[in-house]
Amino acid sequence: MHDAPADDSDKLAADDAEALAYDPDDPTRLPPRRALWHIAVIGGPHEDDFDLALGYAQAADVLATYWIGLGANDALPVPIYYNYRHAIELALKGNIRVAAGCLRRDGVTVPHEELDKFLTTSHAVEHLADRLNQYLGRLQLEAPSNRLDQTTQDTLDWLHQMDDKGQTFRYSRVKGDRGKGLVRARPHQQNIDFDADIRRLSAAAWMLYGGCGGLLDEYAENQSDFYAEMQAASY
């Protein structure tokens, strides 16, 4: 015989039991399942680097907020650095793609294959920032909008010095210089002002996502409106 399907009261009872067993101070246990919030949507034809940058920036902020509220937890800084760094890398790549599209509409040649190869092979924040600044400088933008603001640029330069290849915050050991094999990513113990670092990284991530990204979205929208008006006037 088959057991009768559990009714809603059985599910509620199970949820209540799980909630009672949950200990928020136990880092090995997740909160109880929320019946109305168990579906996530990922992927699709419109997912792009900006979507992923948003997620990594929000994840970093959540972890950073937890660290600030909890106090010293030395297991979290490296993952937080990684999430901010990856958010910044993805936001840079998203901005580069949008800027390239704007340049093409302005009549500037930006080869698709060269750009795709660059974006898929480069993880260096410095190189990505340089490419974005080049594209911003070729768009019809007035200063200071024709390049990244100095505060963000300084943060990107600092981040590149800490992790020039996107590996430092992913592993405890990374590839060293030629002939050295694997070396420790952080060979010396350091005491850092982590609160200052995460605020700096968060500001840069959101400036790239919402500030520069918003500027380029507006530029593209103005181009679209202009060409639509030109087309309408030609009839």
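Visitor: Which residues lie nearest the centre of the largest pocket, and how many residues line it?
Guide: In this predicted model, Val78, Tyr81, Arg186, Gln190 and Ile192 lie nearest the centre, and the lining comprises 19 residues. Two or more lining residues come from each of α3, α6 and α7 (194-234). The volume of this pocket is about 590 Å³.

Visitor: How is the lining of the largest pocket divided by class?
Guide: Ten of the lining residues are nonpolar, six are polar and three are charged.

Visitor: What makes arginine 85 and aspartate 163 a salt bridge?
Guide: The closest N and O atoms of arginine 85 and aspartate 163 are 3.1 Å apart. The cut-off is within 4 Å, between a side-chain nitrogen of Lys or Arg and a carboxyl oxygen of Asp or Glu, so the pair qualifies.

Visitor: Why is this pair said to tie together separate parts of the sequence?
Guide: Because arginine 85 lies in helix α3, whereas aspartate 163 lies in the loop between α6 (150-162) and β1 (173-175); the two parts are 78 residues apart in sequence. Both arginine 85 and aspartate 163 are buried. Arg85 and Asp163 also belong to a network of salt bridges that includes Glu89 and Lys93.

Visitor: How do you know that aspartate 49 and arginine 97 form a salt bridge?
Guide: Their closest N and O atoms are 3.9 Å apart. That value lies within 4 Å, and therefore the pair counts. Aspartate 49 is in helix α2 (residues 49-70) and arginine 97 in helix α3 (residues 77-105), 48 residues apart.

Visitor: Why is arginine 97 called partly exposed?
Guide: Its relative accessibility is 36%.

Visitor: Are arginine 131 and glutamate 114 buried or partly exposed?
Guide: Arginine 131 has a relative accessible area of 13%, which is under 20%, so arginine 131 is buried. Glutamate 114 has a relative accessible area of 36%, so glutamate 114 is partly exposed.

Visitor: What links arginine 131 with glutamate 114?
Guide: A salt bridge links them, with the closest N and O atoms 3.0 Å apart. Arginine 131 belongs to helix α5 (residues 125-138) and glutamate 114 to helix α4 (residues 112-121), 17 residues apart.

Visitor: How many salt bridges does the structure hold?
Guide: The structure holds seven salt bridges.

Methods: Residues numbered from 1 in each chain as written. Predicted model: local features only at pLDDT ≥ 70, side-chain atom pairs only at ≥ 80, totals over all residues. Heavy atoms only, no water. Helix = DSSP H or I, 4+ residues; strand = E, 2+ residues; numbered from the N terminus. Buried < 20%, exposed > 50% of the residue type's maximum accessible area, 1.4 Å probe, protein only. 1 Å grid on protein atoms, 1.4 Å probe; cavity = no way out; pocket = protein on both sides within 12 Å on 5 of 7 lines; lining within 4 Å. Points joined across faces, edges and corners; volume = space filled by probe spheres on them. Nonpolar A, V, L, I, M, F, W, Y, C, P; charged D, E, K, R; others polar.
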